[in-house]
Amino acid sequence: MSNIFHDPRVYVTPSQLPPEAEHWQRQEKAIGRIVFAKAIEKQSAHCLNCMDLGEVYLTVCTSGPYDGWPSGAKATYFPGSEQHGEGIYIVRETRTFLCPACQGKPGEELEVDLPASPHWTEW
Ligand SMILES: [Zn+2]
């Protein structure tokens, strides 16, 4: 989908959220707010959940979608889903959480180096 709102970033939805993020999301949805989980897309990434950022974002919005960027309010572009339409949403708060898939260390599982001084060689 083309980004008609000129946000240079393309967002993807992380498939895994940490428990504290799930909890916050449920709380906010229960009082009628719109919650987006986001990571910023990259061409290639070791961790597909956070796109190697090591963290995922949860953005709580109070209203939207709108056709243009508001003045004097924090807002975010959302490309649309089954639940929420494409457009601009007014942001109440964004929090970052450690990525539960890679624990904030994307690509670590690909490292094959052994510890420099294993305990069993030190005597
Ligand atoms: Zn990750």
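What percentage of the 123 residues in the chain is made up of buried residues? Buried residues account for 21% of the chain, where a residue is termed buried if 20 or more other C-beta atoms lie within 10 Å of its own, exposed if 12 or fewer do, and partly exposed in between, with C-beta atoms placed from the backbone. The structure is a predicted model, in which local features need pLDDT of at least 70 and side-chain atom pairs count only at pLDDT 80 or more, while totals for chains, interfaces and linings use all residues. Residues are numbered from 1 along each chain as its sequence is written.

Confidence is expressed as pLDDT, the predictor's confidence in each residue, from 0 to 100. The chain has a mean pLDDT of 80, and 78% of its residues reach 70 or more. Among the elements of the chain, the lowest mean pLDDT, 70, belongs to strand E1 (residues 11-12), and the highest, 96, to helix H1. Residues 110-123 have pLDDT below 50, and beyond near neighbours in sequence this stretch has two contacts in the model. Where pLDDT is low, the predicted coordinates should not be read in detail.

Along the sequence the pattern is β-α-β-β-β-β. Two residues are in contact if their C-beta atoms, placed from the backbone, lie within 7 Å. Of the contacts between residues at least 6 apart in sequence, 62% join residues at least 24 apart.

Helix H1 covers residues 19-30, and its 12 residues reach 17 Å from the first C-alpha to the last, close to the 16 Å expected at 1.5 Å a residue. The expected span is 1.5 Å times one less than the number of residues. One of the 12 residues of H1 is buried, so the helix lies largely in the open. Gly32 follows H1 and has a positive phi, near 90°. Pro18 counts as partly exposed because it has 18 C-beta neighbours inside 10 Å. Its contacts, leaving aside neighbours within four places in sequence, are Phe97, Leu98 and Pro100. Pro18 and Ala101 are 83 residues apart in sequence, with a C-alpha to C-alpha separation of 8.8 Å.

Strand pairing requires that DSSP find at least two bridges between two strands. E3 and E5 run antiparallel and are joined by nine bridges; Leu58 stands opposite Arg95 in E5. E4 and E5 also run antiparallel, with four bridges between them, and Phe78 has Gly87 in E5 as its bridge partner. Thr96 belongs to E5, which spans residues 87-98. Thr96 counts as exposed because 12 C-beta neighbours lie inside 10 Å. Apart from neighbours within four places in sequence, Thr96 is in contact with Glu55 and Tyr57. The C-alpha atoms of Thr96 and Ala21 are separated by 8.7 Å, although the two residues are 75 apart along the chain.

A nonpolar core is a set of buried Ala, Val, Leu, Ile, Met, Phe, Trp, Tyr and Cys residues joined through C-beta atoms within 7 Å. The largest such core has 20 residues, of which Cys47, Cys50, Val56, Cys61, Tyr89, Phe97 and Cys99 touch the most other members. Two or more residues are given to this core by each of strands E2 (34-40), E3 (55-66), E4 (75-78) and E5. The most come from E3, with four residues. Not counting residues up to four places away in sequence, Val56 touches Pro14, Leu17, Ala37, Ala39, Asn49, Cys50, Phe97 and Cys99. In soluble globular proteins, nonpolar side chains tend to be buried together.

Several backbone features were also identified. Gly64 and Pro65 are joined by a cis peptide bond, with omega about 0°, and Pro65 is found in E3. Met51 lies in the loop between E2 and E3 and has a positive phi, near 55°, in a residue other than glycine. Met51 is buried because 23 other C-beta atoms lie within 10 Å. Asp52, found in the loop between E2 and E3, is not a glycine but has a positive phi of about 65°. With 18 other C-beta atoms within 10 Å, Asp52 is partly exposed.
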